[in-house]
Amino acid sequence: MANTVLEVGNGVFILAVVWIAALVVGAMLLRASGSSKFAVIPVFLLALIITLVLVFFPRSPEIPPAFNEIEIVDTLFIGRYVLLAVVSTVFLVASFMLLPFHFLEPVYAKPLRTH
């Protein structure tokens, strides 16, 4: 499938947008006064209907096509994570080496004014 992100299709993102919009609209309607609070029920029913339609009537088949797609292989995968580990270690060591300078900074006493 060419239109996938994180190995999920567009439908999952559409469902996420529908439910996020339903939650935002529902939260706004619940803060309204009067009988407009009850408009939350149709909003969530509409979101539920859209979800059921997208789940039970998919646009593409569940079985992938028979041909193999080109597989992109990241050959620098291990090298990147080793570099990330080294940089993270250096950052943590540098941060912990700066802590004594912060805690051991001298605090000078202020002179008392006596009349």
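A patch is made of residues with over 30% relative accessible area and no salt bridge, nonpolar side chains being joined within 5 Å. The model treated in these exercises is predicted.

**Exercise 1. Surface patch**

Task: State which residues form the nonpolar patch on the surface, and give their accessible area together.

Solution: 
1. The members are Phe-38, Ile-41, Leu-45, Leu-48, Ile-49, Leu-52, Val-53, Val-55, Phe-56 and Phe-57.
2. Together they have about 1100 Å² of accessible area.
3. One of them, Val-55, is found in helix α2.

**Exercise 2. Helix α1**

Task: Compare the span of α1 with the expected one, then find where its buried residues lie.

Solution: 
1. Helix α1 runs over residues 10-30, which makes 21 residues.
2. From its first C-alpha to its last α1 reaches 30 Å, close to the 30 Å expected at 1.5 Å a residue.
3. Val-18, Ala-22 and Gly-26 are buried in α1.
4. Viewed down the helix axis, the buried residues of α1 fall within an arc of 60°, so they line one face of the helix.
5. Exposed residues on the other side of α1 are Val-17, Ile-20, Leu-23 and Met-28.
6. The buried residues of α1 pack against α2 (40-56).

**Exercise 3. Helix α2**

Task: Repeat the analysis for α2, beginning with the span of its 17 residues.

Solution: 
1. The 17 residues of α2 should span 24 Å at 1.5 Å a residue, and its end C-alpha atoms are 24 Å apart, which agrees.
2. Val-40, Val-43, Ala-47 and Thr-51 are the buried residues of α2.
3. These residues cover an arc of only 70° around the axis, which puts them on the same side of α2.
4. On the other side of α2, Ile-41, Leu-46, Ile-49 and Phe-56 are exposed.
5. The buried residues of α2 pack against α1.

**Exercise 4. Val-17**

Solution: 
1. Val-17 is found in helix α1.
2. A residue counts as exposed at over 50% relative accessible area.

**Exercise 5. Salt bridge**

Task: Say how many salt bridges the structure holds, and which side chains meet in a salt bridge.

Solution: 
1. The structure holds one salt bridge.
2. In the salt bridge the side chains of Asp-74 and Arg-80 meet, at 2.8 Å from N to O.
3. Asp-74 counts as partly exposed, because its relative accessibility is 36%.

Terms used: Residues are numbered from 1 along each chain as its sequence is written. This is a predicted model: local features need pLDDT of at least 70, side-chain atom pairs count only at pLDDT 80 or more; totals for chains, interfaces and linings use all residues. Side-chain values use heavy atoms; hydrogens and water are left out. Helices (H or I, at least four residues) and strands (E, at least two) are DSSP runs, numbered from the N terminus. The expected span of a helix is 1.5 Å times one less than its number of residues. Buried means under 20% relative accessible area, exposed over 50%, partly exposed in between (1.4 Å probe, protein chains only). The arc is that of the directions from the helix axis to the C-beta atoms. Contact means heavy atoms within 4.5 Å. Patches are made of residues with over 30% relative accessible area and no salt bridge: like charges are joined within 9 Å, nonpolar side chains (Val, Leu, Ile, Met, Phe, Trp, Tyr) within 5 Å. Accessible areas come from the Shrake-Rupley method with a 1.4 Å probe; for residues, only the protein chains shown count as cover. A salt bridge is a side-chain nitrogen of Lys or Arg within 4 Å of a carboxyl oxygen of Asp or Glu.
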